[in-house]
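Let's take a friendly walk through this model. Please have the sequence and the 3D view open as you read.

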Amino acid sequence: KLQRNRYDIMFHVALPPETKTPIDYSQLHAPTDGATTTMKIPVSDDAPEAPDGFMFYRIKSGDTLVGLAVRFGVSENKIRRYNNSVCFGHRLTHITGKLLLIPVGTGTSLTSEIREQISQAYAEDETQRSQKDDSTEEQKYEEPDENGKYQLKKALMFHANGVDEHRAAYYLGEANWNVRKALNLWREDDKWEKLHTVMTTCQLPAEEAKALLERHHYDVASAIRFWKAEQKKMKKLTKKLKKAKQKAVGTEGGEEGVSNKTTEMYSMKGMRRKINPEKTERLLDGGTKQ
């Protein structure tokens, strides 16, 4: 019985009272008029200045869409909306070094003036990057691992429209895994292929085909469409000129025929007038003799 009741005994130990630090209200200060709290936005040092309400951020290796959304305090969809031409995935390795437009103001909107400023900033930055990359174009890179190769091929396939995985691997191998050099090699081959297509389809010499492509920004379909439309116009114009010439020739021939007939009629009338008096005299003479 004692052993059984031993487990029923409970001991209560008093806890020490909780001590709270008293608040000194004399050290609190009232906020000043017009004071507002603003979020501190990180600034990219090597990025150009953007219009009011926006900022440019240069993509670095390892950046992700979620990380940038958290870093700048904007939603992923908002970043995608302002960068829909390059931002199509979670990882941003394929556009490392490019500028990303980040909306940082409330109620920002893209007016025509702001769009023009942003386009100019993109163009100037692309020119500077191309000049900088040209100086290091011959630099040889070590062959990356499989993951690195996949990322490089993805980057080249993004910039080189229509290039599949095998061709991307070929150009990267020829360029010693330099994406910029591989892109230049692809552009040269792409221009040659487009020039050959236009020359074959339109039966044009190289100079005329090149001028036609440059006029249409190397859009083969647009260039061929324009050439065919011009050929149709020329055919219609040639037919109209031919008909007009035939009509003019026919009118001149008809006028000559009418004039010749009129001349013959007048000459015949004159001959009759000349012949009639002689016949009359002979008739008169014959009647006198008889």
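The sections below cover the model, a helix and its partner, the core, and some loop residues.

## About the model

This is a predicted model, in which local features need pLDDT of at least 70 and side-chain atom pairs count only at pLDDT 80 or more, while totals for chains, interfaces and linings use all residues. Residues are numbered from 1 along each chain as its sequence is written, and side-chain values use heavy atoms, with hydrogens and water left out.

Helices (H or I, at least four residues) and strands (E, at least two) are DSSP runs numbered from the N terminus. H5 covers residues 146-159, and its end C-alpha atoms lie 20 Å apart, in agreement with the 20 Å that its 14 residues should span at 1.5 Å a residue; the expected span is 1.5 Å times one less than the number of residues.

The axes of H5 and H6 (lines fitted to C-alpha atoms over the stretch in contact, with angles from 0 to 180 degrees between N-to-C directions) come within 9 Å and cross at roughly 105°. The two helices are therefore roughly perpendicular, a label for angles of 65 to 115 degrees. In contact terms (heavy atoms within 4.5 Å), Leu-152, Lys-153, Leu-156 and Met-157 of H5 meet Glu-165, Ala-168, Ala-169, Tyr-171 and Leu-172 of H6. By class, this contact has 7 nonpolar, no polar and 2 charged residues. Here Ala, Val, Leu, Ile, Met, Phe, Trp, Tyr, Cys and Pro count as nonpolar, Asp, Glu, Lys and Arg as charged, and the others, Gly among them, as polar.

## The largest nonpolar core

A nonpolar core is a set of buried Ala, Val, Leu, Ile, Met, Phe, Trp, Tyr and Cys residues joined through side-chain atoms within 4.5 Å. The largest one has 13 residues, and Ile-59, Leu-68, Phe-72, Ile-79, Leu-100 and Ile-102 have the most contacts inside it. Strand S1 (54-58), helix H2 (65-72) and S2 each supply at least two of its residues, with H2 giving the largest share, 4 residues.

## Loop residues worth a look

Buried means under 20% relative accessible area, exposed over 50%, and partly exposed in between (1.4 Å probe, protein chains only). Most residues other than glycine have a negative phi. In the loop between H6 and H7, Asn-176 has a positive phi of about 55°, and Trp-177 has a phi near 65°. Asn-176 is partly exposed at 28%, whereas Trp-177 is buried at 16%.

Ser-109 sits in the loop between S2 and helix H4.

Note on methods. Parallel < 35°, antiparallel > 145°, perpendicular 65-115°, else oblique.
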